[in-house]
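Visitor: Please bring up the model, and then take me through it by question and answer.

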Amino acid sequence: MKKILSSLFLTSASLMMFSQTIFNSDFNSYTTGNLGPDANNTSPGQGGWYSNGGTVAAYQVSSIDAAHGKSISLTSGIGYTATNSPHNRTANQDFTTTATPGNDYLIGTMDIYTGSGAGLSKAFLSMFGTAAAVGGIGYNSVDQKFFGIGWLSVGGAAPGYYHVGLGDATATAPANTWVSVGFSYNKTTGKYVWITPNGSYTVDANPTVTFVPNLVALDYNLQVQTQTGNAATRTFAFDNLNIFYSNLALGTNEGVKANKVLVKKINVSELID
């Protein structure tokens, strides 16, 4: 893993000058209360969001603090199931914009609230295409660390869905904290860049890790997934969500600090349920 020296705030603002917007909202125009009318992915709610898993009460438009105003909050269930878990939560929308020629980067940035409650869960932004995860980024309350999401071939195996550990043991964020994160996927090369408060990271292409180009995202998701041993709820929130195509990537100035690549293959059925 290579650390990249760049600023999420500066780069995302600059990139918007060369972008096609897919979704951009601070959610302050939404009405406080339920995000949608059901939690079985049947009918769209506020802003076009579908809710999937649990009950409508698990998907709220609320204000965590005055500085952020309204945001979308998701509350996990109590428990853990390895696949098709009823304890997971997903708010999702389909892409309605296709990239124009030259806009080869798919980019997502957001503020994420690291959560309140004792639940052991991950919260993340993910994007999926046909049978493939195109990319994403998130936070794990178990170790309080960030992870990237990518579709990679590791060790010569068939491409699969991976969580990529970002940063060393000190690259953490405590509970009840807002943090800014982001990621970009280069459709031409398959390369990812993930940005956290601790820096920006990419996996180097090498004989062990191979990128997969030409992935096309069909939907984007705000997700909460419970982890092994979970026995309580946890509430996360998402704000200032910005998804767009661009002809420039996040974190284009590469530094020289090397970090260990940490990859964990995840069963896609854990996340699409």
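Predicted model: local features only at pLDDT ≥ 70, side-chain atom pairs only at ≥ 80, totals over all residues.

Guide: Two strands pair if DSSP finds at least two bridges between them. Helices (H or I, at least four residues) and strands (E, at least two) are DSSP runs, numbered from the N terminus. Residues are numbered from 1 along each chain as its sequence is written, and side-chain values use heavy atoms, with hydrogens and water left out.

Visitor: What is the mean pLDDT of the protein chain?
Guide: A pLDDT of 70 or more is reached by 85% of the residues in the protein chain. Residues 1-11 have pLDDT below 50, and this stretch has 52 contacts (heavy atoms within 4.5 Å) beyond near neighbours in sequence. Residues 252-273 are also below 50, with 62 such contacts in the model. The mean for the protein chain is 87.

Visitor: Which strand pairs with S11 over three bridges?
Guide: S11 (residues 145-154) pairs with S12 (residues 160-165) in the antiparallel sense over six bridges. S10 (residues 133-140) is also an antiparallel partner of S11, over five bridges. Ser153 has Thr210 as its bridge partner, and the strand that pairs with S11 over three bridges, antiparallel as well, is S16 (residues 209-211).

Visitor: Which residue in the turn between S11 and S12 has a positive phi?
Guide: In this pairing, Gly150 stands opposite Tyr162 in S12. The two strands form a hairpin with five residues between them. With a phi of about 65 degrees, the turn residue is Gly155.

Visitor: And in the turn between S10 and S11, which residue has a positive phi?
Guide: Ile137 stands opposite Gly148 in S11. Four residues separate S10 and S11 in their hairpin. The phi in that turn is about 60 degrees, and the residue is Gln144.

Visitor: How many of the residues of S11 are buried?
Guide: Buried means under 20% relative accessible area, exposed over 50%, and partly exposed in between (1.4 Å probe, protein chains only). One side of S11 holds Lys145, Phe147, Ile149, Trp151 and Ser153, and the other Phe146, Gly148, Gly150, Leu152 and Val154, all of them buried. S12 is mostly covered too, with six of its six residues buried. For S11 the count is 10 of 10.

Visitor: How many residues are in the largest nonpolar core?
Guide: A nonpolar core is a set of buried Ala, Val, Leu, Ile, Met, Phe, Trp, Tyr and Cys residues joined through side-chain atoms within 4.5 Å. The residues with the most contacts inside the largest core include Trp49, Phe95, Met127 and Ile243. Its largest share, six residues, comes from S11. The size of the largest core is 59 residues.

Visitor: Are the rings of Phe124 and Phe147 stacked or edge-to-face?
Guide: Rings of Phe, Tyr and Trp (its six-membered ring) pair if their centres lie within 6.5 Å; planes under 30 degrees apart count as stacked, over 60 as edge-to-face and the rest as tilted. Phe124 lies in S9 (residues 121-128) and Phe147 in S11, so the pair ties together parts that are 23 residues apart in sequence. Phe124 is buried at 0% relative accessible area, and Phe147 is buried at 5%. The ring centres are 5.9 Å apart and the planes meet at 65 degrees, so the pair is edge-to-face.

Visitor: Which residue lies over the face of Phe147?
Guide: A charge sits over a ring if NZ of Lys or CZ of Arg is within 6 Å of the ring centre and within 35 degrees of the ring normal. At 4.9 Å from the ring centre of Phe147, the residue is Lys122.

Visitor: Are the rings of Tyr192 and Trp194 stacked or edge-to-face?
Guide: Tyr192 is buried at 0% relative accessible area, and Trp194 is buried at 1%. With ring centres 5.3 Å apart and planes at 10 degrees, the pair is stacked.

Terms used
pLDDT = per-residue confidence, 0-100.
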